[in-house]
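The sequence and the structure are shown first.

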Amino acid sequence: MCDALQLPIVDLSSPDRFSTANSIRQACIDHGFFYLVNHGVDEEFVNKVFEQSSKFFSLPIEEKMKVIIKNYNGYSPLFAGKLDTTLSTKGDSKEGFYVSQLAGDLNQWPLEEDLPSWRSTIETYYQLLSAGTKLLSLIALSLKLDEDFFEKVGAFNEPLASLGLLHYPGEVDSSNEEIYGASAHSDFGMLTLLVTNGVQGLQICREKSEQPQVWEDVPSKSGAFIVNIGDMMERWTNCLFRSTLHRVLPP
């Protein structure tokens, strides 16, 4: 049995930065997850990104395999990974396409003639995610640090940000094997910003060491990013902020 959860809402446009920082602090201590609204990324453009993402995942598998993942960039096929390695299942029921820093030549892209404007749309979206940089200044305040703390220590000098487009096809196996869209895991990085197209499936487990585990549904919220803390931030804060276990059920 899973209960629906109402996460805290953080308004990135609020002029009261200290109040916002306190809200983030409480959300990260209690849940490790929160909604971020008024983040500056236009919802109409986000919808365009979803449209372009859908076009790629609708390509024949032979076409998608031309940009198979290398150096953590490119296409990751169905069942290629399993986030919870304790499971005996064949893999998670999801496809992905991953993009890292735009400078250099590590990224792989579908041909322009196959998907016109696809690359430019995804690159623009990657650049728009500067909302994460603004959020980090508020996280610094929430930790009773100067708001430019992360900038001063060089965290923005060579930022390592990864953009992942994910497709969960739903039930694709008629066997009795339990299949997850994304099996239980915590994120290894500092911060994750997630946007969904309204399809439910995300669940969190706030007390990952307790048995039995209690899973709570995270409803999609129109126009909001779902933000969660990663393992690195949990470690940096000496476990004050929690990197919460989460999973995705097949739609």
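## Basis of the model

The model is predicted: local features require pLDDT of at least 70 and side-chain atom pairs count only at pLDDT 80 or more, while totals for chains, interfaces and linings use all residues. Residues are numbered from 1 along each chain as its sequence is written, and side-chain values rest on heavy atoms, with hydrogens and water left out.

Four strands make up an open sheet of mixed pairing, in the order 2-3-11-8. Strands (E, at least two residues) and helices (H or I, at least four) are DSSP runs numbered from the N terminus, and two strands pair if DSSP finds at least two bridges between them. Strand 2 (9–11) and strand 8 (191–194) are the edge strands, each pairing on one side only. From one strand to the next, the twist averages 30 degrees. Strand 3 (residues 33–37) and strand 11 (residues 225–229) are antiparallel and are paired over four bridges; L36 has F225 of strand 11 as its bridge partner.

Two helices lie across strands of this sheet. Helix 5 (residues 131–142) lies across strand 3, strand 8 and strand 11, and runs at about 130 degrees to strand 8. Angles run from 0 to 180 degrees between N-to-C directions, and axes are lines fitted to C-alpha atoms, for helices over the stretch in contact; contact means heavy atoms within 4.5 Å.

## Packing of helix 1 and helix 5

Helix 1 and helix 5 also pack on each other, at an angle of about 80 degrees and with their axes 8 Å apart. The two helices are therefore roughly perpendicular to each other (65 to 115 degrees; angles under 35 count as roughly parallel, over 145 as roughly antiparallel and the rest as oblique). Helix 1 contributes R17, F18, T20, A21, I24 and R25 to the contact, and helix 5 contributes K134, L135, S137, L138, I139, L141 and S142.

By class, the contact holds seven nonpolar, three polar and three charged residues. Ala, Val, Leu, Ile, Met, Phe, Trp, Tyr, Cys and Pro count as nonpolar, Asp, Glu, Lys and Arg as charged, and the others, Gly among them, as polar.

An open antiparallel sheet is formed by three strands in the order 4-5-6. Strand 4 (74–76) and strand 6 (163–167) each have a single partner strand, so one side of each is left without a neighbour in the sheet. Neighbouring strands are turned by 20 degrees against each other on average, direction ignored.

Strand 5 (residues 95–99) runs antiparallel to strand 6 and is joined to strand 6 by five bridges, with L166 of strand 6 as the bridge partner of G96. Helix 4 (residues 118–128) packs on the sheet, where it touches strand 5 and strand 6, and its direction makes about 120 degrees with that of strand 6. Helix 2 lies across strand 4, strand 5 and strand 6, at about 65 degrees to strand 6.

## Backbone features

A cis peptide bond, with omega of about -5 degrees, joins Q211 and P212. P212 lies in the loop between strand 9 (202–205) and strand 10 (216–217).

Although F79 is not a glycine, its phi is positive, at about 65 degrees; F79 belongs to the loop between strand 4 and strand 5. C239, also not a glycine, has a positive phi of about 70 degrees and is found in the loop between helix 7 (231–236) and strand 12 (245–248).

## Cavity and pocket

One cavity of 30 Å³ or more is found in a search of the whole structure. On a 1 Å grid over the protein atoms alone, a cavity is a set of points where a 1.4 Å probe fits but cannot get out, and a pocket is an open set with protein on both sides within 12 Å along at least five of seven lines; lining residues have an atom within 4 Å of a point. The largest cavity has a volume of about 40 Å³, a volume being the space filled by probe spheres set on the points, with grid points joined across faces, edges and corners. Its lining includes F79, G96 and Y98, and strand 5 gives the most to this lining, with three residues.

The second largest pocket holds about 180 Å³ of space. Of its 16 lining residues, E43, V195, T196, S222 and G223 lie nearest the centre. Helix 2 (residues 43–57) gives the most to this lining, with four residues. The lining of this pocket divides into six nonpolar, eight polar and two charged residues.
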